[in-house]
Amino acid sequence: YRFSVWATSVFPDSPARIQFFVNGQMIGDDLQLSNAVGQWQQLSATWDSGQSSFADLAILNFTAAFVGNDFALDDLSFETTDPVESELSSWTIYLD
C-alpha cells in the first residue's frame, strides 16, 4: 500500500516534521516542512500488509515547539500498489 499526503506550513515559525505510522510502526522517511507558508510538499511511503487485515494509520508531528508548528494537510490517500484486489478489510486515520 502507498500512504501519501501533501502538507504545508501555515505559520513560518518552527515548521512541523511529520511522519507516517501504520499499526504503530513508522514507515518511510519523515518530512521536514519548509517555513515558507503555502509551499506544498508531498510525503509518501509504502507499507507491506503481510498477514494484517487492518491498518491503523497515523500522521505524527515531531516538532514540539509551543509557537508555530502549524500545518495543513491535503489529498490524503491510502491505496494498493498491487493490481490484485486488496484484502485489507478496514483502516482508520489518526492525526496527532
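Please keep in mind throughout that the model is predicted.

Three strands form an open sheet in the order 4-1-6, and their pairing is antiparallel. Strand 4 and strand 6, the latter covering residues 71–79, stand at the edges with a single partner strand each, so one side of each has no neighbour in the sheet. On average, neighbouring strands here are turned by 15° against each other, direction ignored.

Strand 1, residues 2–9, is joined to strand 6 by 7 bridges, and to strand 4 by 6 bridges. To place these pairings on the structure, one may look at individual residues. On the side of strand 6, Arg2 has Glu79 as its bridge partner, and Ala7 stands opposite Leu73. On the side of strand 4, Val5 has Leu43 as its bridge partner. How enclosed is strand 1 by the rest of the structure? Of its 8 residues, 6 are buried, so strand 1 is largely enclosed.

I turn now to the aromatic residues. The count of aromatic pairs comes to 6. One of them joins Phe3 and Phe20, whose rings are stacked, with 3.9 Å from centre to centre and 25° between the planes. Since Phe3 belongs to strand 1 and Phe20 to strand 2, this pair ties together parts that are 17 residues apart in sequence. Both Phe3 and Phe20 are buried.

Phe3 also pairs with Phe78, and here the arrangement is edge-to-face: the centres are 5.9 Å apart and the planes stand at 90°. Phe78 lies in strand 6 and Phe3 in strand 1, so the pair links parts separated by 75 residues in sequence. Why does Phe3 count as buried? Its relative accessibility is 1%, and buried means under 20%. Phe78, at 13% relative accessibility, counts as buried too. Taken together, Tyr1, Phe3, Phe20, Trp47 and Phe78 make up one aromatic cluster.

Next, the charged side chains. How many salt bridges does a search of the whole structure find? The search finds 1. In this salt bridge, the side chains of Arg17 and Asp30 meet at 2.6 Å, N to O. Arg17 is in strand 2, residues 17–22, and Asp30 is in strand 3, residues 25–32, so the pair ties together parts that are 13 residues apart in sequence. Are these side chains' residues buried or exposed? Arg17 is partly exposed, at 28% relative accessibility, and Asp30 is likewise partly exposed, with a relative accessible area of 33%.

My last item is Gln41, which is found in strand 4, residues 41–46. Gln41 is a buried residue, with a relative accessible area of 17%. Which backbone atom lies 3.4 Å from a polar atom of the Gln41 side chain? That atom is the backbone oxygen of Gln32. Setting aside neighbours within four places in sequence, Gln41 is in contact with Val5, Trp6, Ala7, Leu31, Gln32, Leu33 and Ser34.

Methods
Residues are numbered from 1 along each chain as its sequence is written. This is a predicted model: local features need pLDDT of at least 70, side-chain atom pairs count only at pLDDT 80 or more; totals for chains, interfaces and linings use all residues. Side-chain values use heavy atoms; hydrogens and water are left out. A salt bridge is a side-chain nitrogen of Lys or Arg within 4 Å of a carboxyl oxygen of Asp or Glu. Helices (H or I, at least four residues) and strands (E, at least two) are DSSP runs, numbered from the N terminus. Buried means under 20% relative accessible area, exposed over 50%, partly exposed in between (1.4 Å probe, protein chains only). A polar contact is a pair of N or O atoms within 3.5 Å; within protein, one must be able to donate a hydrogen and the other to accept it, and residues adjacent in sequence count only if both atoms are side-chain atoms. Contact means heavy atoms within 4.5 Å. Two strands pair if DSSP finds at least two bridges between them. Axes are lines fitted to C-alpha atoms, for helices over the stretch in contact, and angles run from 0 to 180 degrees between N-to-C directions. Rings of Phe, Tyr and Trp (its six-membered ring) pair if their centres lie within 6.5 Å; planes under 30 degrees apart count as stacked, over 60 as edge-to-face and the rest as tilted.
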